[in-house]
Amino acid sequence: MNFDDTPQEAAFRAAARTWLEANAPAPEEAKRMGRENLDEATALKAARAWQSRKAAGGWACLHWPKAYGGREATPIERVIWEQEESRFAVPRGFFEIGLGMCGPTMMMYATEAQKQHYLPPMLRGETIWCQLFSEPSAGSDVAGLRMRAVRDGDDWVINGQKIWTSGAHYSDFGILVTRSDPTVPKHKGLTFFFVDMKSPGITIKPIKQISGTSNFNEVFFEDVRIPDAQRLGDVGQGWTVSLTTLMNERLAVGDAPGPGFDEAFALAREVLLEDGPAIRNPEVRQRLAEWYVQSRGLKYTKFRGMTALSRGATPGPEASITKLVSANVLQSVANFGMDLQDMGGVVHGTGQPAAGLFQQALLYSPGLRIAGGTDEILRNIIAERVLGLPPDIRVDKDIAFNALPTGR
């Protein structure tokens with residue numbers, strides 16, 4: 001495989017770089033726009049402005065169809081754009097769920113009129129979407145959810161609770177999976193919808209996190225009415241629709257955001273141990289070597305996925321590898337950075353090495369090992385669908401959901 005740009009890709013890269021240099025925030029402005037320095041409302045305003053600017057310039061959601069505001073760029077061009085954009089400190093984080101997970105799901109299952117109505121505002125950053133999947137009693141098994149959907153004329157009446165919903169408190173819409181038939185096995189009784197988050201009966205309660213932020217939420221549904229026209233996929237086929245979202249989620253999560261090999265290497269050069277710079281310590285060098293090898297493996301695994309996409313394939317179970325490895329590497333690197341800073345590791349702030357990057361990562365990295373599927377779920381997917389190993393024994397596979405013992 002040749003990873004050098006073709007002439008067409010080189011031209012695309014040059015055009016992307018030219019636009020970014022002319023439109024991306026200057027370093028001083030980017031510093032002011034950094035989310036760690038801003039309250040959420042101000043950071044959100046800055047992110048909307050950047051998303052709008054990209055949309056106006058034709059650089060938002062490159063792979064989306066032109067009919068919905070994209071430019072139908074190739075997967076490789078999408079990678080090139082991400083590489084070039086990552087060179088700038090632009091606002092991120094508010095639109096990934098909508099653009100990376102909800103958008104592709106709507107594109108596959110919504111009506112054409114719904115796509116025309118909802119996708120362009122999503123692309124321009126005018127609306128924000130969330131993903132309502134996790135529930136307190138379902139654990140790691142999405143198919144074990146209990147939120148009830150009961151048909152009432154042209155509407156569905158929804159009751160139940162979701163949890164760990166990122167950004168629900170500032171989202172305009174959400175995609176939602178419910179249980180519409182508890183008398184069949186758990187994977188066969190689910191139905192999928194999209195919902196206006198301002199609908200009567202929806203209550204959102206932010207969860208205070210160890211990092212001090214509250215971007216996760218509990219979301220309660222009490223007799224919330226959703227028109228049947230907002231159903232995505234057939235009744236009872238919600239699991240199939242959910243898989244579309246989950247596959248795109250693992251692709252969107254991809255590389256865990258935060259310090260990696262480059263940042264750990266820089267910190268090791270900066271920190272002095274008793275016998276000299278940490279970079280000369282054999283144990284430090286060994287760990288850096290391991291992370292370098294893992295980072296190269298992740299890079300080429302992602303390229304393999306992009307190659308499959310360029311040939312018309314949909315995101316497959318291979319995306320689970322990238323998510324599983326990168327989330328574990330992030331947590332390991334965060335722990336390393338804290339250890340290397342010794343007692344200074346407990347202090348967070350711009351005066352610390354790497355401006356407290358490792359301290360922040362230590363607090364949020366455990367969550368990334370759950371988001372988009374726990375380590376255990378992803379290992380099962382890789383074992384069964386990538387390596388072809390025998391599946392886990394599932395004693396509840398053919399039992400009606402309401403006949404499963406729950407202890408409740």
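1. Helices (H or I, at least four residues) and strands (E, at least two) are DSSP runs, numbered from the N terminus.

2. Strand β1 (residues 129-132) is covered on both faces: W129 and Q131 are buried on one side, C130 and L132 on the other. Buried means under 20% relative accessible area, exposed over 50%, and partly exposed in between (1.4 Å probe, protein chains only). In a regular strand, side chains alternate between the two faces of the sheet.

3. β1 runs parallel to β4 (residues 173-179), with 4 bridges joining them; pairing requires at least two DSSP bridges. Q131 has I175 as its bridge partner in β4.

4. S242 lies in helix α7 (residues 238-253). S242 counts as buried because its relative accessibility is 0%.

5. L387, in the segment after α12 (375-386), counts as exposed because its relative accessibility is 58%.

6. Residues are numbered from 1 along each chain as its sequence is written, and side-chain values use heavy atoms, leaving out hydrogens and water. As the model is predicted, local features need pLDDT of at least 70 and side-chain atom pairs count only at pLDDT 80 or more, while totals for chains, interfaces and linings use all residues.
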